[in-house]
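Subject: The structure we talked about

Hi there,

Here is the structure I promised to pass on. Have a look at it first, and then read on for my notes.

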Amino acid sequence: MISERRDLRDLTDEILSASDAEQTEVIVTESDTALTRFANSEIHQNVAERNIDVRIRVINQQRTGVASTNQMGADALREALARALESARTQPARPDLPPLAPPAKLDPIVVDDATAHATPEERAQRVGAICAQADAAGVRAFGALSTGSVNYAVANSNGLFISSPRAVAHLRTVAMADDGSGYADRTSSHLADIDAEAAGAEAIDKCMRTRGAEPIEPGVYPVILEEYAVAELIEYLSFIGFSGLAVEEGRSFMRPGEKITGEAISIWDDGADLTGLPMPLDWEGVPRRRVEIIAGGAATGLVHDMASAARAGVESTGHGLPAPNPTGALAVNLFMAGGSAKSKDELCEGIERGVWVSRFWYVNIVHPKQSQLTGMTRDGTFLIENGKVTRAIKNMRFTQSVMEAFGTASALTSETKLQAGDDYDFTAGIRVPAVRLDRFNFTSVTR
Amino acid sequence: MKELARDALDTAQVGGAQYADVRLQQTRHQEVSVKDGRVDGLSQDFSEGVGVRVLVDGAWGFACTSTMSKAEIDQAVEVALGIARASARVHKRPVDLGPPVAHKGEYVGPVGTDPFSVSLEAKVDLLVEAERLLRSQPSIRFAEASTECTHWRKLFVSTEGAELEQEAYETGAGMECSAVNDEELQKRSYPNSFGRQVAQGGWEVVETMELTSNAQRIAEEAAQLLGAEHCPAGRKTLILDASQLALQVHESCGHPTELDRVYGTEAAYAGTSFMTPDLLGTLRYGSDKVTIVADATVPGGLGSFGWDDEGVEAQNVKLIDEGLFVGYLTSRETAAQLGNGRSMGAMRADGWQRIPLIRMTNINILPGASSLEEMIAGTRDGILMHTNKSWSIDDRRLNFQFGTEMAWEIKDGKRGKLYRNASYGGITPDFWNSCDAVAGPSEWRMFGLINCGKGQPGQVMRVGHGAAPARFQNVNVGIA
């Protein structure tokens, strides 16, 4: 990584000292990541990526400009600074522009070197194990195992220098037969904690059980949502409604202080919780605070960046994104409280006829103000009859207000599972239980 | 730079690569956005690096670096070689790239006025005025106008002798506003949703949009939508405007004809496809009104180039010919696997740091002989839907559901009342087989889509779509 050759503090100091702007901020993101992808039980893509991005924001006379570069030479950095200053010159003043963040400190996070520097052979060994399991079961294995580290640093002319490294391993796999498929994934800050064979066995078991799926009539059903499906819904809720700006603009389903969903639902964001994928600072250099977003079904908190916080008359909660950012703050270290069910099978008890959803696919926003989403089930959809999973069913499309559906949450597992976002930078980490919802609207079925 | 690239090929071959290619890419990008009367973002970004792809023992390895020195690039080559050897441990059949590709040449995309030569002040002034006009209706709670320009340059060399230099400008703009009350939020976008419309070209692309001339109308439409009736549910005749049809083509024809998806290499993430090779030449994908091509040669298309990121020349091939499924988007490897021999050239990477994947180029439905007015006049009970708002499709690209910003009732051949929250859904081949009219060349337009996601690690590709309004029978509408 770049920081092995050059101290990040020296780099940010060099830029800050070269700037004659009233205020200057430097964000450095350096990444060293790798991903081994497999399909049809063999590795078909295997990549490694090293990059560094320096992002400079200047403020002069209530005007701000941003420029970035991935070239670390003195000339390239000077040019980026000049472009940021040029950008700030060419616009009307913005009296509500918030100042840059004040100095802050963080407790250091220890990164697992074995995860940060995992070798292609170590990834191939785990992938090979899954492929061998699939071969033995007469199905095909697909998926990807990624490992690596990302280091973030934010410095500004107020004397702030704050940084935090992060290492993550993420495995996802689909086992597939001609007429069935099953999914599993695992995420951890420690590659050693990724049990590839367990994930492979879970996906293969589900694949075998989905063979010969038959359609059922779309309609409103009780559902068991596995953690994979729950995390996807929470990620969308965060995107469309958990920020102060979304509420300010009237596009959020959140009505602060009001009961908006079921009492069983509590969701919070905590960037310092080591049981998630910790990210203790935001891209404005503000340490993340724990924010209770929904507590017992009531909307209790919002995440803010410096700008929305200033307008709301509160302090930033440390959820800012890199400037420029017209969409507002984003909660990415989310947790959902579990319940008392000891297993997912226990969630099924009492359901006369319902649907078991392993995973959603291609979820998209239909109506943000009503938290209405649409999407498909995928890789493990089953019928529940008289409290038991009885057979595989064809994948179905849902079109549903999530707040309404969560309003019918009647049981949650006590155990929670960590789910990761899709990409290399591992931004989102969401820890959730499996959930039983008494009403969930499926609007069509696929072939 | 050529010297660095050639040296990297030598290093790869000395290290045991049976094939290698090296791609240097430099991208300069500028964005300006104005929101609620203030400049909300003004950024200028620069990225440069080199990606090295090698085949060793029949298996792939890829590595990259942003440090443009011989030592660093050699190190990236060594990493790629090591990765390829690790890949070979879990590999069953050696990669076959088909016939060698050794083109040499240059491509320069069309450009009138260099968009970077237009002052930032002029861009800010345009957007401030457009955004001010967007807020002309009291119910508009927030509005945004933005512009962007990109200049990319690429050098591709391979051990088969290819040596290609390409560059293009991409320029675009867009605006959107949202009318809000206690229960509703209604958004209108112009000239397309997804933030903005972008094309290969210069500042003239933005000038033709006439943002300020259209801003008040867009605001009025958003305000009208707040008070409009909810779209009724049922089976009706559906007419789509060109921009919504472009997205329908993207999701239900572009993606399922990606041959890597068909062969399973996206199965764990983006999914597979119902358009399997056994159906090639026999599947009645649509009615005889439906002909869809992959055309990387359209001037101004976001999917236009001289050669793809494997060095294969830009081509125009049919995917659907008068309703019959006849072709795929391919790479060299998948074309060889299909038995086609040569690739049709659809391998694209979204930057130096990523490997090329099969991506859409410009996936265009060819114009028909009808017109929007003729389609409306010939409809007894239908709905006209306009400008995409939401989209979703299953992992085999069969079951889809779209929502649009605007819709109008069509009754006895006339456009009637406005509807809000319109949606429609269906199953891909059923839907396309119900197409009974496509508008002609005068209503056919190219659209640029800047947010097409695929792959792990994720890549966001810019693709083009040519489309005209079209009509479909017996469609399920009003789902959401």
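A residue is called buried here if 20 or more other C-beta atoms lie within 10 Å of its own. Buried residues in that sense make up 60% of the 447 residues in chain A. Please keep in mind throughout that this is a predicted model.

**Chain A as a whole**

Chain A holds 11 helices and 21 strands. Its radius of gyration is 23 Å, close to the 22 Å that the globule rule gives for 447 residues, so chain A is as compact as a globular protein of that length. Along the principal axes, the C-alpha atoms of chain A fill a box of roughly 70 × 55 × 35 Å. If you take the contacts in chain A between residues at least 6 apart in sequence, 73% of them join residues at least 24 apart.

Where they meet, 34 residues of domain 1 of chain A are in contact with 29 residues of domain 2 of chain A. On the domain 1 side, at least two residues each come from strands S1 (23-39), S2 (42-60), S4 (140-156), S5 (161-177) and S6 (180-188) and from helix H6 (196-210) of chain A. That side of domain 1 is made up of 15 nonpolar, 11 polar and eight charged residues.

The largest nonpolar core has 291 residues, and Val52(B), Ala80(B) and Leu134(B) have the most contacts inside it. Helix H2 (residues 70-89) of chain B gives the largest share of this core, 10 residues. Both domain 1 (8-209) and domain 2 (219-445) of chain A also give residues to this core, so it lies between them. What does Ala80(B) touch, leaving aside its neighbours within four places in sequence? The contacts of Ala80(B) are Val52(B), Arg53(B), Val54(B), Gly61(B), Phe62(B) and Ala63(B).

**Where the chains meet**

The contact between the chains takes 66 residues from chain B and 71 residues from chain A. On the chain B side, strand S2 (residues 38-56) gives the most, with 12 residues. The side of chain B that touches chain A divides into 27 nonpolar, 26 polar and 13 charged residues. Strand pairing also crosses from one chain to the other: strand S3 (residues 63-69) of chain A runs parallel to S2(B), and four bridges join them. In one of these pairs, Ser68(A) has Asp45(B) as its bridge partner.

**Strands worth a look in chain A**

S14(A) pairs in the antiparallel sense with strand S13 (residues 360-367) of chain A over five bridges, and His367(A) has Gln372(A) as a bridge partner. S13(A) and S14(A) form a hairpin with four residues between them, and Ser371(A) in the turn has a positive phi of about 50°. S14(A) is also joined by five bridges to strand S17 (residues 396-401) of chain A, and the two run antiparallel. There, Thr374(A) is paired with Thr399(A).

Chain A also has an open sheet of six strands with mixed pairing, in the order S10-S9-S8-S11-S20-S19. Strands S10 (298-299) and S19 (417-420) of chain A stand at the edges, each with a single partner strand, so one side of each is left without a neighbour in the sheet. Within chain A, S8(A) and strand S9 (residues 291-295) run antiparallel and share three bridges.

**One residue and one helix**

Phe253(A) is found in the loop between helix H8 (244-248) and strand S8 (267-269) of chain A. Is Phe253(A) buried or exposed? Phe253(A) counts as buried because it has 23 C-beta neighbours inside 10 Å. Beyond its neighbours within four places in sequence, Phe253(A) is in contact with residues including Ile260(A), Ser371(A) and Met403(A).

In chain B, 12 of the 13 residues of helix H6 (residues 242-254) are buried, so this helix is largely enclosed by the rest of the structure. Among them are Leu245(B), Val249(B) and Cys253(B).

Enjoy exploring!

Best wishes

Notes
Residues are numbered from 1 along each chain as its sequence is written. Chains are lettered from A and ligands numbered from 1 in the order in which they are written. This is a predicted model: local features need pLDDT of at least 70, side-chain atom pairs count only at pLDDT 80 or more; totals for chains, interfaces and linings use all residues. Two residues are in contact if their C-beta atoms, placed from the backbone, lie within 7 Å. Ala, Val, Leu, Ile, Met, Phe, Trp, Tyr, Cys and Pro count as nonpolar, Asp, Glu, Lys and Arg as charged, and the others, Gly among them, as polar. A nonpolar core is a set of buried Ala, Val, Leu, Ile, Met, Phe, Trp, Tyr and Cys residues joined through C-beta atoms within 7 Å. Domain bounds come from an automatic or database domain assignment. Two strands pair if DSSP finds at least two bridges between them. The radius of gyration is taken over C-alpha atoms; the globule rule is 2.2 Å times the number of residues to the power 0.38.
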